[in-house]
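Could you walk me through this protein model step by step?

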Amino acid sequence: MKTLQELTRPNIWKLKPYSSARDEYKGIAASVFLDANENPYNTPNNRYPDPLQWDLKKALGKLKGVAPENIFLGNGSDEAIDLMFRAFCEPCRDNVVAIEPTYGMYQVCAEINEVEYRKVLLDEHFHLSVDKLLEAADGHTKLVFLCSPNNPTGNDLDPAEIERLLLNFDGLVVLDEAYNDFSDAPSFLKRLDEFPNLVVLQTFSKAWGCAAIRLGMAFASADIIGILTKIKYPYNVNQLTQQQAMEMLHRYYEIERWVDMLKEERNRMEKEFARLPCVKKVFPSNANFFLVKVTDAVKIYNYLVGEGIIVRNRHTVTLCGNCLRITVGTKMENETLLEALRKYGV
């Protein structure tokens, strides 16, 4: 691996971060706060939130088995993705490599930041080739993006291949585990100390049922987290989001129950879809969604919209011709979808 200074943009390495009033105050005994030009009325929402979310990071760290210093919290995982480009990729000079198909925001962030985005196709089974990823990289490749389970394909990437990439790529590997809660594959979180070039992304949006609060997590070495923290906006995670996340941490038993129910429904839905005349193939999934190849994705998508049912049409995505992505809902929602598809074409 290159040194972190070699990987970081020179202006970011030298940057002196903005210091907010709440960054400078570290005590716990004060009762009069006249430092941040806040309105003294409308407690508690008149006060700026903790800019570094320490209480939440400590509680989350206990659950995840990760030190608070190894955690970055952002406005969704998209903030962490964007910051990786802003911190490490020089516009119009550096590049990143990613699998294809995968989550679309990696490419969007690359284009916003004027960073070349190099795609490496998965094979017909949606498996990755580390050799091809390494072949696509050069001296200006700062990041490789992987998503496992992958979106929209739903499959886990081979952990041995991920490990091989981490050992052979001299930049940073960003492993997006947004759907890992639904998989039996172990998270790479426990291996952060083993791979100093690893950044793991997770989210409160999926298994935690908290898409509305916009809270994403990045886990990495304290040095990498320090660079992301240096360039984030001062109060990037609001107080209401922090409070709701803390509430959910105390309800983790409920999240585990939701995950078990969704995995059970996913398995049932895959079997039911395989029986539908309009379905040509059901791709195995380790996420809370699954991909299906149908006879005519556009026609079936429009039919379902007419029935008041919204799925995701992935027909135009590479390797996903005539495919729909189906999110696993409640049993009642799933039955409504199945009934509509059983009537399709009849």
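This is a predicted model: local features need pLDDT of at least 70, side-chain atom pairs count only at pLDDT 80 or more; totals for chains, interfaces and linings use all residues.

Leu240 has its place in helix H10, which covers residues 239–249. Helices here are DSSP runs of H or I with at least four residues, strands are runs of E with at least two, and both are numbered from the N terminus. Leu240 has a relative accessible area of 51%, so it is exposed. The word "exposed" stands for over 50% relative accessible area, "buried" for under 20%, and "partly exposed" for what lies in between, using a 1.4 Å probe and protein chains only. Leu240 and Ile213 are 27 residues apart along the chain, and their C-alpha atoms are separated by 8.1 Å.

Residues are numbered from 1 along each chain as its sequence is written, and side-chain values use heavy atoms, with hydrogens and water left out.

Arg214 is not a glycine, yet it has a positive phi of about 55°. You can find Arg214 in the loop between strand S6 (198–203) and strand S7 (216–219). With 34% relative accessibility, Arg214 counts as partly exposed. Glu114 also has a positive phi of about 55° without being a glycine. Glu114 belongs to the loop between H6 and S3, and at 51% relative accessibility it counts as exposed.

Val115 lies in that loop too, between H6 and strand S3 (116–121). Is Val115 buried or exposed? At 5% relative accessibility, Val115 counts as buried. Leaving aside residues up to four places away in sequence, Val115 touches Phe85, Cys89, Pro91, Asp94, Asn95, Val96 and Ala110. Touching, or contact, means heavy atoms within 4.5 Å. Val115 and Thr141 are 26 residues apart in sequence, and 9.9 Å separates them in space, C-alpha to C-alpha.

Now for the aromatic rings. How many aromatic pairs does a search of the whole structure find? The search finds 10. Rings of Phe, Tyr and Trp (its six-membered ring) pair if their centres lie within 6.5 Å; planes under 30 degrees apart are called stacked, over 60 edge-to-face, and the rest tilted. Tyr106 and Phe145 make a stacked pair, with 4.8 Å from centre to centre and 20° between the planes. Tyr106 sits in helix H6 (residues 105–112) and Phe145 in strand S4 (residues 141–147), so this pair ties together parts that are 39 residues apart in sequence. Tyr106 and Phe145 are both buried. In another pair, Phe273 and Phe290 have ring centres 5.1 Å apart and planes at 80°, so the pair is edge-to-face. Phe273 is in helix H11 and Phe290 in strand S9 (residues 289–294), so parts 17 residues apart in sequence are tied together. Phe273 is buried, with a relative accessible area of 1%, and Phe290 counts as buried at 0% relative accessibility. There is also an aromatic cluster, formed by Phe85, Tyr103, Tyr106 and Phe145.

A charge sits over a ring if NZ of Lys or CZ of Arg is within 6 Å of the ring centre and within 35 degrees of the ring normal. The charged end of Lys57 sits over the ring of Trp54, 5.1 Å from its centre. Arg86 lies over the face of Tyr233, 5.8 Å from the ring centre.

The axes of H11 (residues 252–274) and helix H13 (residues 331–343) come within 11 Å and cross at roughly 5°. Axes are lines fitted to C-alpha atoms, for helices over the stretch in contact, and angles run from 0 to 180 degrees between N-to-C directions. H11 and H13 are therefore roughly parallel to each other; angles under 35 degrees count as roughly parallel, over 145 as roughly antiparallel, 65 to 115 as roughly perpendicular and the rest as oblique. Phe273 is one of the H11 residues that meet H13, and Leu338 is one of their partners there.

Finally, look at two prolines. A cis peptide bond, with omega about 0°, joins Thr43 and Pro44. Pro44 is in the loop between helix H3 (21–24) and helix H4 (54–64). The peptide bond from Ser148 to Pro149 is cis too, with omega near -5°. Pro149 lies in the loop between S4 and helix H8 (159–168).
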